[in-house]
Amino acid sequence: MFIDLNCDMGESFGAYLKGNDKEILNYVSSANIACGFHAGDPSTMRKTVTLALEKGVAIGAHPGLPDLVGFGRRNMDISPQEAYDLVLYQVGALQSFVHAEGGTLRHVKPHGALYNMAAKNTELAMAIAKAIYKAGPELILFGLAGSHLVKAGEKHGLQTAHEVFADRTYQLDGTLKPRRDPNALITDEEQSVKQIIRMVKEGLVRTVQGEDIQVQADTICIHGDGPYALEFARNIRSSLESEGILVRAISGK
């Protein structure tokens, strides 16, 4: 049994530093690198790509909404065409840095509000999947497990990865509880570990309504910007391996 462990990275901007990418890369198998719209900048993109290649971590593009102030976590009324354009633009930018450093872009994972909007909106999901396919049909699309985004990727012929979250709570329809709501984030490490082990081994997660729902777990997201992110990443990996679950990047086609 194996699982991919991914982390959002490259989210510093100019003089503002965010996260501990260099150290967290020792514990994850995939890195989702911000592409400059919700976070990141060209220099940060290059540096993060270089670090990931040095650590042997699979590299993915992490395109988001053009909202630096809101960190890409606020919904925007964009059209499917706009979604296509902004995703293709950002993936292409990171793709160039990866190519220049001698690496290969492995996957694409939309960020924040864009990710959550596409999980529920079929038209947005199809536009995003089309942009990823046009950027490279060999790319793997990371999307919320069971969502419209994953289904759109499959319709476009992309390899997809159903993503689950270590530090987020779930609702009955399989979506994440919005960050602005109480109990949206899991801050207790033991609770988080139990949730991911159960998702991987049993394919089940307990919702905030107190009922279990089925969930497919191909890759687990951890966030690298919290105060204890490094310790959390280390313990999550250790806990997975102690359960006999190998951590490795998802193989492409």
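Reader: Let's start with cysteine 35: buried or exposed?
Author: This is a predicted model, where local features need pLDDT of at least 70, side-chain atom pairs count only at pLDDT 80 or more, and totals for chains, interfaces and linings use all residues. Residues are numbered from 1 along each chain as its sequence is written, and side-chain values use heavy atoms, with hydrogens and water left out. Buried means under 20% relative accessible area, exposed over 50%, and partly exposed in between (1.4 Å probe, protein chains only). Cysteine 35 has a relative accessibility of 6%, so this residue counts as buried.

Reader: How many disulfides does a search of the whole structure find?
Author: A disulfide here is a pair of cysteine sulfur atoms within 2.5 Å. Cysteine 35 is in none, as the nearest cysteine sulfur, that of cysteine 7, is 15 Å away. Cysteine 221 is in none either, with the sulfur of cysteine 7 nearest at 6.8 Å. For the whole structure, the search comes back with zero.

Reader: Which residue has its backbone nitrogen 2.8 Å from a polar atom of the side chain of serine 12?
Author: At 11% relative accessibility, serine 12 counts as buried. Leaving out residues up to four places away in sequence, serine 12 touches several residues, including Ala39, Asp41 and Thr44 (contact means heavy atoms within 4.5 Å). The backbone nitrogen at 2.8 Å is that of lysine 18.

Reader: And threonine 160: which side chain does a polar contact of 3.5 Å join to it?
Author: Threonine 160 sits in strand E6, residues 159-165, and counts as buried at 16% relative accessibility. Beyond its neighbours within four places in sequence, threonine 160 is in contact with Ile140, Leu141, Val150, Gly153, Glu154 and Asp218. A polar contact is a pair of N or O atoms within 3.5 Å; within protein, one must be able to donate a hydrogen and the other to accept it, and residues adjacent in sequence count only if both atoms are side-chain atoms. The partner at 3.5 Å is glutamate 154.

Reader: What is the phi of asparagine 183?
Author: Most residues other than glycine have a negative phi. Asparagine 183 has a positive one. This residue lies in the loop between E6 and helix H7 (189-202) and is exposed at 62% relative accessibility.

Reader: How many residues apart are glutamate 243 and lysine 201, the pair that links distant parts of the chain?
Author: The two form a salt bridge, with the closest N and O atoms 2.9 Å apart (a side-chain nitrogen of Lys or Arg within 4 Å of a carboxyl oxygen of Asp or Glu). Glutamate 243 is in the loop between helix H8 (229-242) and strand E10 (246-247), while lysine 201 is in helix H7, and their separation is 42 residues.

Reader: Which residues are linked with Arg198 in a network of salt bridges?
Author: Arginine 198 pairs with glutamate 202, with the closest N and O atoms 3.4 Å apart. Those two are separated by about one helical turn, because they are four residues apart in helix H7. Aspartate 212 and arginine 206 meet in a salt bridge too, at 2.5 Å from N to O. The residues linked with Arg198 are Glu202, Arg206 and Asp212.
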